[in-house]
Every structure is written in C-alpha cells, then in structure tokens.
Amino acid sequence: MDGSGLETVAEDFAEARPKLFGIAYRMLGSVADAEDVLQDVWVKWQVQDRAQIRDATAFLVTMTTRLAINMTRTARARRETYAGPWLPEPVDTSADPQLGAERGEALETAVLVLLEKLTPTERAAFVLREAFDYPYSRIAEVLHSKEPAARKLFSRAKARIAAERQRSVDEGERRKLLSAFLSAAQAGDFQELESLLAAEAASYSDGGGAVRDALRVPVVGRTRVARFVAGFAARFWTDVRVDWVEANGGPAVLVTLDGAPRALLMVSGTGDGIDRVYWVMNPAKLAHIAARATVDGTT
C-alpha cells in the first residue's frame, strides 16, 4: 500500500472512531476492553482488501460489533467471578455527550448494568438500534441474520430492560437529586437521606475486591440504604475533595483523597426519588475519568 493509500486508511478509521468506540464501550462497559477492540479493528483494517468495500464506516462498524460480541462472551466469564457487584467503568462524556451516537441511549450506568443480563446479540441489536438508530435491515447485516430476527432481538432486549427499569428523570432532575443526596450523605443525615430515596432503592459499591469500603453485596431498601450511607459519613467524607464531573452523559461526583481518586458517585431517579446509588470505587475503573478530570482542571 502506497503512502496515499495508508493515509486514506487512517483517515477513514479516524472519522469512524467515535462511533466505533461508542459501540464497543456500550457493548462491554469497559474503556480498556473497548480500546482493545478498536486496536484489533485498526490492525485488521490496515491489511484489508478495500477493492470491494463501498462504505468504510459501515464495514468498520460491522467489524467492531462482531469483535465486541466475541469479547462480551469472554468478559461475561470474568464477571462471574468478580468480587462484589460489577459496575461499568465510567467514561467522561463532557466532550461528546452522546459518545459517538445519534442518541444518548444505552449510556447511562443503570442501562449498562441491565445490558449485562442480555445475550451478546441482544445487546448488539439494542445498542445499534437504540443509540445509533440503525435500521433493522442494517442490524441484520451486522449480525449475519435476517431482518425479522433482528427485530425480534431488539424487541426482546427492549422488553427485558423496560421490565426492570422505571422511567428515569431527566438530567436536570438527576443533578438536583445527586446534589441533595451528596449534602445529606456528607452530613450523615439519616432522615434526609431516607426522604430522598425511593422505597425499593438500592446501593451498589464496586471495589473489585480491592477496596475495604466497598460492600460485596448490594444494600436494598430505602431505610437500609439511608442507614448504610449515614453510617460511614464521618469516616468516608473526612479530608476528601469533591468535584462535579460528567460521566456517561450525566452528572457525577468524583471524590478524591490526597490527590488519589476514591470514588465516583452517581444516582438514577424516578418520580418516587432516587432508585439506584452507584459507587464506583475500583481504582482501575477510576483511572481514566480521574485523569481526564485533572486535565480539564476540575481536580
């Protein structure tokens, strides 16, 4: 391949990269795994015979999705032995709120957690349709199936997620709920915490087995969550720095201690209040967003 040909290859990949990363990340819930997929795609793309390729982006999307499906199967096996609740690695979306997509769907932490319950092909169909608005005919091509099968995969995935998730409040209301929760949590105010939580609220702490403060099981129920959060207030919030960041298309709070990231706090809410509290505490999952926050000057 001559210099001009290699330059075109690189330009096509760079142009498609935000979309490719957005697909891989939503499929895998991991920045590192998504980057691994894109690295494989880049290597294969450089040696690909382009004579029969009419649409470079479409070809790259197909390759990325199929590689992500394969990696999803491997990742699922790893997560079966994960220490405690698994949460997706938070990703900074301040520069790209939709993360390469036409819509921000399938990016919130609450949705990514539910995607873990789908089969790899259901997940791919949901991501391509819900976030990238792909027609069913195109999804069928990507998945090597027929259009009716693609429709069925998506409808089944959509129904399973809808069955476990109430309608979420908008970003502005979520920010208000997180702000109120943060204030009550720092003060250890049990009654205020309880008033902010929905009856079936749950708190998930992902420490990957490496963080003492991360519980190995979820805390479920309004009173239990409020008691849990109030109980560790004095120890957890002492001498920390708190900064607002944008993660997965919504508001989040980055907690640092002595310059090192300690937790990323996010919530999801419904009309009844906060239904999910997410504490990402695994140091490996905080590295990317903490580094980005430092570059942007928030910490």
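Student: Which element has the lowest mean pLDDT, and which the highest?
Tutor: Helix 12 (residues 283-296) has the lowest, at 80. Helix 9 (residues 190-196) has the highest, at 98. pLDDT is the predictor's confidence in each residue, from 0 to 100. Helices are DSSP runs of H or I, at least four residues, numbered from the N terminus.

Student: And what is the mean pLDDT of the protein?
Tutor: The mean is 92, and 96% of the residues reach 70 or more. This is a predicted model, where local features need pLDDT of at least 70, side-chain atom pairs count only at 80 or more, and totals for chains, interfaces and linings use all residues. Residues are numbered from 1 along each chain as its sequence is written, and side-chain values use heavy atoms, with hydrogens and water left out.

Student: Why care about low values?
Tutor: Where pLDDT is low, the predicted coordinates should not be read in detail.

Student: Switching to packing. How do helix 3 and helix 6 cross?
Tutor: Helix 3 (residues 56-79) and helix 6 (residues 136-143) have axes that come within 9 Å and cross at roughly 60°. Axes are lines fitted to C-alpha atoms, for helices over the stretch in contact, with angles from 0 to 180 degrees between N-to-C directions. The two helices are therefore oblique to each other. Angles under 35 degrees count as roughly parallel, over 145 as roughly antiparallel, 65 to 115 as roughly perpendicular, and the rest as oblique.

Student: Which residues meet there?
Tutor: From helix 3, Ala58, Phe59, Val61, Thr62, Thr65, Arg66 and Ile69. From helix 6, Arg138, Glu141, Val142 and Leu143. Contact means heavy atoms within 4.5 Å.

Student: What about helix 3 and helix 5?
Tutor: Helix 5 covers residues 120-131. Its axis and that of helix 3 come within 9 Å and cross at roughly 140°. That makes helix 3 oblique to helix 5.

Student: Who is in that contact?
Tutor: Helix 3 brings Val61, Thr65, Ile69, Thr72, Arg73 and Arg76. Helix 5 brings Pro120, Thr121, Arg123, Ala124 and Leu128.

Student: New topic: Leu107. Where is it?
Tutor: Leu107 lies in the loop between helix 3 and helix 4 (109-115).

Student: Is Leu107 buried or exposed?
Tutor: Leu107 is buried, with a relative accessible area of 1%. Buried means under 20%, exposed over 50%, and partly exposed in between, using a 1.4 Å probe and protein chains only.

Student: What does Leu107 touch?
Tutor: Not counting residues up to four places away in sequence, Leu107 touches Tyr25, Arg26, Thr93, Pro97, Gln98, Leu99, Leu112, Asn248 and Gly249.
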